[in-house]
Amino acid sequence: MMETASPKKRVVITGMGVIASLGHNVNDFWSNILAGKCGVDLVTLFDTKDYSCKIGAEVRGWDATRHMDPKEVRRNDRYTHFGFCAAKQAVADARIDMTKEDPDRVGVVIGSGIGGMLTIENQHKVLMERGPRKVSPFMIPALISNMCTGLVAIELGARGPNFGVVSACATATHAIGESLRMIRGGEADVMVCGGSEAAITPLSYAGFCSMKAMSTNNENPQKSSRPYDLNRDGFIMGEGSGILVIESLEHAQARGAHIYCELSGYAASCDAYHITSPDPEGKGLSLAMRGAVSDAGLKPEDIDYINAHGTSTPYNGKFETLAIKKVFGDHARKVLISSTKSMTGHLLGAAGGIEAIISVKTIESGEVPPTINYETPDPECDLDYTPNVKRKADVNAVLSDNLGFGGQNAALVFNKI
């Protein structure tokens with residue numbers, strides 16, 4: 001007799017934490033998202049006089065010493081500050097009590113696409129001006145992209161699966177998806193997962209500006225990120241972190257946790273096309289989207305809302321729209337879509353983390369956030385992008401997708417429990 005495959009272990013979201021330009025906690029962040037507010041303004045973190053792009057979505061009014069030991073703040077990069085503090089929020093929200101958990105069954109996977117860029121720049125300046133003996137002994141730990149994951153685990157005493165993920169702008173989505181797989185595979189009961197980024201730095205901006213990837217609409221910062229609009233001219237960098245606590249349904253129920261929704265699907269793929277340009281036929285992205293929907297046990301027509309990658313670059317808008325049409329067919333004209341990067345900017349490796357939180361809150365609230373700054377329709381981007389104003393809707397299932405340099409794609413599906 002043939003053995004039947006055992007059903008997949010169900011995984012749920014029980015905690016969320018966010019640090020972003022639009023809020024230093026989930027409630028403030030979500031209120032500003034629904035209000036269609038924009039976190040983009042002139043960059044203040046460095047002098048942009050010689051830069052073609054002078055705008056970004058900075059985390060303003062931020063003091064990491066309010067949330068971390070001042071000594072640890074000095075020893076770590078800004079990206080780690082964001083991720084560590086967002087993780088503390090998420091764990092507190094989930095009401096995880098490590099004295100009641102098996103620490104070997106609690107894991108942490110927090111990714112960063114860039115890592116400690118500010119540390120690299122500052123310490124290189126020290127090297128050039130003062131010599132190698134003055135370079136900080138904390139430089140290497142501060143700049144590596146897995147350090148946030150390690151610090152969160154030390155704070156919690158979590159000895160389960162622990163590593164960083166680096167896949168450019170798909171990083172956080174991969175981190176959450178791989179954490180889902182670890183719980184399904186029996187390696188952990190609880191995972192703290194997501195992404196963190198702090199790449200609004202002189203060298204980072206110089207590189208992206210040289211690529212001509214960023215918007216130069218410096219006179220109108222809050223109008224500069226305009227996904228799917230005909231006049232979009234590049235992405236706007238954001239910074240911050242979005243972290244989830246996910247756990248098996250049975251574990252969450254056993255401890256009486258508040259459950260936001262289910263994390264039911266994940267898939268990853270590669271365009272295998274070009275290091276920076278997305279596949280013009282949307283092959284890789286459509287493969288990830290289709291795979292995530294299938295992994296969730298759903299059909300494309302079951303998806304009510306897509307939190308799209310929507311970077312505000314000319315290529316992304318039309319190729320992502322094409323991928324959605326490939327996967328969803330006629331339903332592509334009915335499903336609600338938005339790019340919340342129009343408000344948050346593009347958080348690179350942290351994008352999928354904050355967009356996962358937006359996806360969860362959309363299910364919880366029945367309110368779909370808008371794509372702001374949508375003024376001039378693009379004939380090649382002809383779907384319902386929820387232009388400019390939020391919309392009430394009964395949202396049972398959400399797909400969130402992200403793609404990054406290297407051709408890497410990832411997608412997640414969330415649904416009501």
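Which residues does I246 touch, not counting residues up to four places away in sequence? In this predicted model, I246 touches V11, V12, I13, I176, S179, L180, I183, D189, V190, M191, C193 and L263. I246 is also among the residues with the most contacts inside the largest nonpolar core.

**Nonpolar cores**

- The largest nonpolar core has 67 residues. Those with the most contacts inside this core are I13, Y205, M237, L244, I246 and F414.
- Helix α13, residues 351-365, gives the largest share of this core, namely seven residues.
- Another core, of 32 residues, lies apart from the largest one. Its members include F84, M147, C148 and V190.

**The largest pocket**

- The space in the largest pocket amounts to about 540 Å³.
- Its lining has 31 residues, and A213, T276, P278, T313 and F405 are those nearest the centre.
- The elements that give two or more residues to this lining are α11 (314-328), β13 (397-404) and β14 (408-415). The largest share, three residues, comes from α11.
- By residue type, the lining of the largest pocket consists of 14 nonpolar, 14 polar and three charged residues.

**The second largest pocket**

- The second largest pocket has a volume of about 240 Å³.
- Of the 15 residues that line it, R74, N76, D77, T119 and N122 lie nearest its centre.
- At least two lining residues each are supplied by α2 (70-75), α3 (78-94), α4 (117-130) and α5 (139-143). Helix α4 provides the largest share, four residues.
- The lining of the second largest pocket divides into five nonpolar, six polar and four charged residues.

**An exposed loop residue**

- V389 is located in the loop between β11 (367-368) and β12 (391-392).
- V389 counts as exposed because its relative accessible area is 55%, and the cut-off for exposed is over 50%.
- V389 and A35 are 354 residues apart in sequence, yet their C-alpha atoms are 7.9 Å apart in space.

**Salt bridges**

- Side chains of opposite charge can pair when their charged atoms come close.
- The whole structure contains 25 salt bridges.
- One of them joins the side chains of K9 and E250, at 4.0 Å from N to O. This pair links distant parts of the chain, with K9 in the segment before β1 (11-19) and E250 in helix α9 (residues 249-254), 241 residues apart. K9 is partly exposed, at 28% relative accessibility, whereas E250 is exposed, at 53%.
- K223 and E375 form another salt bridge, in which the closest N and O atoms are 3.1 Å apart. K223 lies in the loop between α8 (202-210) and β7 (240-248), and E375 in the loop between β11 and β12, so this pair ties together parts that are 152 residues apart in sequence. K223 is partly exposed, at 40% relative accessibility, and E375 is also partly exposed, at 47%.
- A further salt bridge connects the side chains of K361 and E364, at 2.7 Å from N to O. These two residues are separated by about one helical turn because they stand three residues apart in helix α13. K361 is buried, at 11% relative accessibility, while E364 is partly exposed, at 39%.
- Salt bridges with shared partners join K223, R226, D229 and E375 into one network.

Notes:
Residues numbered from 1 in each chain as written. Predicted model: local features only at pLDDT ≥ 70, side-chain atom pairs only at ≥ 80, totals over all residues. Heavy atoms only, no water. Core = buried A, V, L, I, M, F, W, Y, C linked by side-chain atoms within 4.5 Å. Buried < 20%, exposed > 50% of the residue type's maximum accessible area, 1.4 Å probe, protein only. Contact = heavy atoms within 4.5 Å. 1 Å grid on protein atoms, 1.4 Å probe; cavity = no way out; pocket = protein on both sides within 12 Å on 5 of 7 lines; lining within 4 Å. Points joined across faces, edges and corners; volume = space filled by probe spheres on them. Nonpolar A, V, L, I, M, F, W, Y, C, P; charged D, E, K, R; others polar.
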